[in-house]
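Visitor: I would like a close look at one part of this model. Please start there, then widen the view.

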Amino acid sequence: MNQSNDIEALRARLDGTRGREYWRSLEAVAETPEFKEFLHREFPSNASEWLDPVGRRSFLKLMGASLSLAGVSACTRQPIEEIVPYVRQPEELVPGKPLFYATAMPFAGSALGLLVESHEGRPTKIEGNPDHPSSRGATDIYAQAAILGLYDPDRSQTTTNLGEIKPFSAFVEAARAVVSGQGSKQGGGLRILSETVASPTLAAQIEALLKRFPAAKWVQWEPVGRHNAREGSRLAFGEYVEPQYAIEKADVILSLDSDFMCAGPAGVRHSRAFASRRRAETGTARNRLYAVESTPTNTGTRADHRLPLKPSEIDGFARALAAQLGVEGVTAGTVSDAARKWLGPLAKDLQGARGRGVVIVGEGQPAAVHAIGHAINAALGNVGETVTYTQTPEAAPSDQRAGLRELVGEMNAGKVDFLLVLGGNPVYTAPSDLQFGAALHKVKLRAHVGLYEDETAALCQWHIPEAHFLEMWGDARSDDGTVTIVQPLIAPLYNGKSLVEVMAAFSEAGARAGYDLVREHWAAQTGLSTEAVAPAPAPQPAATAPGAPAAPAGVAAAPSQPLSPFDREWRRWLHDGLVPNTAFAPKPVTLQAGFAKAAAPAGQGLEVVFRPDPSVYDGRFANNGWLQELPKALTKLTWDNAALIAPATADRLGLFKGEADEAFASKAPVVELKKGDRTLRVPVWLVPGQAPDTLTLHLGYGRERAGRTGTGTGFNVNVLRTWDSQDVVNGVELVATGDTYQLASTQDHWSLEGRNLVRVATAAEFAADPGFADKRELVADRALTMYKSDWKYEGYAWGMAIDQNVCNGCNACVVACQAENNVPVVGKSQVLNGREMHWLRVDRYFTGELDNPDTYHQPMPCQQCEGAPCEVVCPVAATTHSDEGLNDMVYNRCVGTRYCSNNCPYKVRRFNFLLYQDFDTPSLKLMRNPDVTVRSRGVMEKCTYCVQRINQARVTAKLDDRQIRDGEVVTACQAACPTDAIVFGNINDPESRVAKLKKSPLNYALLAELNTRPRTTYMAVVRNPNVELEPPSASHAEGEEGH
Amino acid sequence: MAAKEHVQDPAEAALLQRTPAVIAPGHTFESVTDSIAGVVLTKRTTLGWFFGFALAFSLLMLLNLTIGKLLMEGIGIWGNNVPVGWAFDIINFVWWIGIGHAGTLISAILLLFRQQWRTSINRFAEAMTLFAVACAAMFPLLHTGRPWLAVYWLFPYPNSMGLWPQFRSPLIWDVFAVSTYGTVSALFWFTGLVPDMATLRDKATSPVAKRIFGMVALGWRGSARHWQRYEMAYLLLAGISTPLVLSVHSVVSFDFAVSVLPGWHATIFPPYFVAGAIYSGFAMVMTLAIPLRKFYGLEDFITMRHIHNMTKVMLATGMIVAYGYANEAFFAWYSANPYEGYMMLNRMTGPYAFFYWSLIAINAAMIQLFWFRSVRDNIPLLFVLSLLVNVGMWLERFIIIVTSLHRDFLPSSWDMYAPTRWDFAMFAGTIGLFFSLFFLFVRFVPAIAIFEMRTIVPEAKLKEHHG
């Protein structure tokens, strides 16, 4: 009612002030009780206005507040914290030329080493760090999408206490009060709940606090962590160890329900290792992968043999296999007939590859199966060869599940005075029977540090916005132990604080800058002096940025500046993106007796498996539009989760009554899942290859306070997830409700319709008929064209080769393309209408039997046809051919007839049916790649082979007066690909990798019979089956379909 | 008349006896002039006219609303997607342009072939052509993502960037075909109107009407010199229009035939499209003529002879269209091309099979009714059938465009298309535009060429000599 009066009053104060006086008056304004009162009422505790589009009324109010605050913030002094560009010295900073900085993305108790592209101080694109062992230049979808996470306008922006905006210093004071209050009881009421900590500095800080307060406790909780793997290692070896797999050395690999190529940050490393023995160039040194799994995984799609088993059967299978292999201490369990057929040949194969095989057990399997896996590896002599054991990357491995339950017990008992939630969202992620939210209310003082004002923040008195990893100083260990110093790419957009900075508030020294804290920790670790000594020459690292191998390497160090011994190291660490010699050394382990005692609970009825969502993980990425709209590899669903079910089971349960017409299958029946008094309503989705009587539920959806993008998407399956059944729930009752729910899938059609689009042969067939890949039923006559062209591509001729042998459908390329090319997010309703904008999609096809099909992934960028059907039909010449063979799109000229899209046999063109780009949100403007046009409504767009990168390389090469070298142009999809499945280059250069690949007998062009002469070609798949399991006659190579 | 001269065979004479005349007996110059001009010159506008016009006009307003929304938000308000980049927009375009063809055929080709029965229907058939082209022309422009640029970038105009349209694109051919067609049709229609405008000028009592008709009549005095030049001009325009009957829809069919898409890439398309256009055009003429002759009492001029002839033309062209369907199916099999084969199978058994079989039911099966004289004599039934033919021809374009696009080469891209309410609004809106114009036309312009009708009354035969 008197809001307008407030503004009037403020305006009156500001009126008539000018210049220096104006600044002083502003501070005076900010200090007045009226202004404080104004702010107080402006941001009430449940202020959803932050989340809603700014209405006219609140817009005026915000304008008033930000006007006065603008003056205040301008007076803050920026701290001097040097960061070191990866390749070029700051003096080289040329507007329009990006710099690359090395950092790492901490994720789920591990980290992925990255290089971040920065345009004039704005991080715009993430690449893998080629020097970093976890990345070797590649990334996963989470790292690719982190850019959008950074610029997410919905991130929490202010420190609040009971909904009121407070300065961070107020929290520091509150923290000190807590600490001093706890002095008398040795911190008995002090609890810290963090995610799995892989930061040595943070762990040291917490441990220092625990030393000061011996009665305080630190609990780590990760909803989909490596609990079972950890407990399995303790069961087997009596201590927490991390198995390190050398998959590249393995000839025979058995995955027991493990998605080792795509689950977690190690997936990138494992994918590359697996691919190194599978690519078209590999020749006969192909490895063989067996996958036994309940729900189809990306890893399983690359398996030569795949056996769908119910979760409860995998334990029995592992035991039977161990018994067959003669592992001591394991007695064979019961196995199904299908599994029994497998055991002999599999055991024989594994035994035949002693020291060259490996068994990898998935996170969802109980500890005992992990232990059995370790025992099999030991019995086969694989330990020390394909698997070694080291200490764990997480600083303090613990039984997180027990820890959380204990913490909730203490909270309920009123023993907790102060709970500090360091990241994570336990109110949403904790097992539902623990009633974490209710227990939280019994804690006197609660503080939450997080990127979002999420479900947990809503129940805590204090909320501190966490700095995104691209905004903070920190450190992180990756799986193999390698430490990376996390350096910021940009000052915190919203005054966020890193966890290290928050923890410092509880230390004796008090709040400090993250930069100092991390440096101090590492100075202490290395024992090097931070005192400056005589001027030292700058170190000369040899490392290089992707796409710029010839760039002059140099560390930003003015030669005249004196450097301390520590600084010299520090600069190199920052520059290289890793601290040398921090990888863990292998650790001898000995198998303990009794590891296989605990048998898994017997299966009963429908079994429900919980898995992190392939896109939004445990819900932490729920507000990331790129990930929400990313078609999940196996289901191609976007914006939702669903109960995945095998077609046969759905049939038996009477779901999809009548003929499940695929075309309309996105209208999914809703079922009610019941276990005890817990019920969950969720739509079901058919997944060929799912184990019978098994439902898979993906975590991470049904968020209530995720932000504008994530709130209300999908279904919260945590409802069914109790403490003692966090991986699997047995005996779930399924009731069809008769309702339907609209799921948005980007690929409705499963089968190849008998079309030979994905060409497949077994190794034996390939040996017998090396030319199988390019055998065609229909042949195009080059002369049959209306428009004959005798154009010779004399200079560069860009081309791409995609190796389907190794692509596991991880989707990193899709997100990378989206980030690189400013591809907009369109939302669920538009996806439903078939209007998703991804320039690069990964087509997924099933062939073979419906219950256990072969699955293939076919990345589909623009094929850049030499005889492009799109070009001749454009009435305004908006899509034309470049002299290097690129099929260029001239956005300015496009009037949007969509004829080009209709005439594109590959349907890779994307049309802006509506205004999909967000031209208004300021933070998203910072995010965009300045080298790529932001497309508006009404124009067609498509993959350009990252022409901006080609041109950048061209400029560099021209300056050096040379040709662009092979490997100098790396497209965004290629750079991100963990399996190196995408190869790009100049096909006119016979020495280029792409030209050599295109000479491979496996090379074939898709739909070549249309005379399109695509520049993108594919490598046919060569499977490596075990002849005992798959006699040559029963080959799947002909691609019979099923649906 | 001319036919009678060489009637020898009594059987043939008997047949001719059964054939209704093109004009009811007993009419004179005056009665023809009065009854046709009276429709325009009367001061009384019927309630039915107001009612019909109001209905059409409200649909026209819906069109305005839709276009407004379309320009504000983009063509995403429709159901088009990838892979179905074209849907209602191009279906409606082809449908309307097809309807227009009957007008040109009647006015040009039948004139050159001296088919006298054309005289009583050519005027409103030409008007129909003009209005249908107006409706059709809207779609190629408005279906683009950025119509404010498409409106002139598709024309070859000299510009400082030295940029020309891409002449290999059938859409550019379309621009020329449709704009030529529109221009020639307008000229032809207007030229034919001039003598009648003079008649109205002379008969009008209101000074305002006199003045307006006078201006439009371009000073026509009916002198022998006027007539001589008029006849020459009209014949020349007919000559120019004649190839258009074949070329326009052939060019429209190139939009599809030139592409690589199974279901589009077919050499049968030009003749098949032209036949379909004439077929649907005659259906529309029938749809308009039946109420027109009833409500304005023009049964004497638009006789059963006309109805019969139009039905026969529809039967003939409809059979060509049905042959086209058979041909498509045959070549889908005979080519042994799996994509073509699947396309046909998908049309017949896929998710849009209902529409395919509806189309076959109408355009291949139902039209066989036209063989029967009893059907040709049954006016209410013919009215319903002519409406169904229009539906059938709309479905044909739906089948060609949507079912070909929605499942093409890569099964991964297959998707469904469903129109939105704005798709229907745009379609209904163009129907509103068409009928609004038509209502205005029948009220203010003689719907039947008076002077041409005068040439076929018995009086005229006495004076007639070959000219």
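Guide: Helix H5 (residues 141-151) of chain A lies across strands E1, E2 and E3 of chain A. H5(A) runs at about 170° to E3(A). Such angles run from 0 to 180 degrees between N-to-C directions, with axes fitted to C-alpha atoms, for helices over the stretch in contact. Helices (H or I, at least four residues) and strands (E, at least two) are DSSP runs, numbered from the N terminus.

This is a predicted model: local features need pLDDT of at least 70, side-chain atom pairs count only at pLDDT 80 or more, and totals for chains, interfaces and linings use all residues. Residues are numbered from 1 along each chain as its sequence is written, while chains are lettered from A and ligands numbered from 1 in the order in which they are written.

Now the sheet itself. Three strands of chain A form an open sheet in the order E1-E2-E3, with antiparallel pairing. E1(A) and E3(A) (122-128) stand at the edges with a single partner strand each, so one side of each has no neighbour in the sheet. From one strand to the next, the twist averages 40°. E2(A), residues 110-119, pairs with E3(A) in the antiparallel sense over 6 bridges. Strands pair if DSSP finds at least two bridges between them. A:Leu115 stands opposite A:Glu127 of E3(A).

Covering rests on contact (C-beta atoms, placed from the backbone, within 7 Å). A residue is buried if 20 or more other C-beta atoms lie within 10 Å of its own. It is exposed at 12 or fewer, and partly exposed in between. The buried residues of H20(A) include A:Phe566, A:Trp570, A:Trp573 and A:Leu574. A:Asp567, A:His575 and A:Asp576 are buried as well.

H20(A) covers residues 565-576. At 1.5 Å a residue, its 12 residues should span 16 Å; the end C-alpha atoms are 17 Å apart, which agrees. The expected span is 1.5 Å times one less than the number of residues. A:Gly577 follows H20(A), with a positive phi near 85°.

Step back to the whole of chain A. It has 31 helices and 38 strands. Of its 1043 residues, 56% are buried. Among contacts in chain A between residues at least 6 apart in sequence, 75% join residues at least 24 apart.

Next, the partner. The contact takes 47 residues from chain A and 43 residues from chain B. Helices H7 (147-153), H8 (170-203) and H13 (338-349) of chain B each supply at least two residues of the side of chain B that touches chain A. By class, that side has 24 nonpolar, 14 polar and 5 charged residues. Ala, Val, Leu, Ile, Met, Phe, Trp, Tyr, Cys and Pro count as nonpolar, Asp, Glu, Lys and Arg as charged, and the others, Gly among them, as polar.

Last, confidence. The predictor gives the complex an ipTM of 0.91 and a pTM of 0.86. Chain B averages a pLDDT (the predictor's confidence in each residue, from 0 to 100) of 87, and 94% of its residues score at least 70. In chain B, confidence is highest in helix H4 (residues 47-73), at 94, and lowest in helix H1 (residues 2-5), at a mean of 45.

Methods. Two residues are in contact if their C-beta atoms, placed from the backbone, lie within 7 Å.
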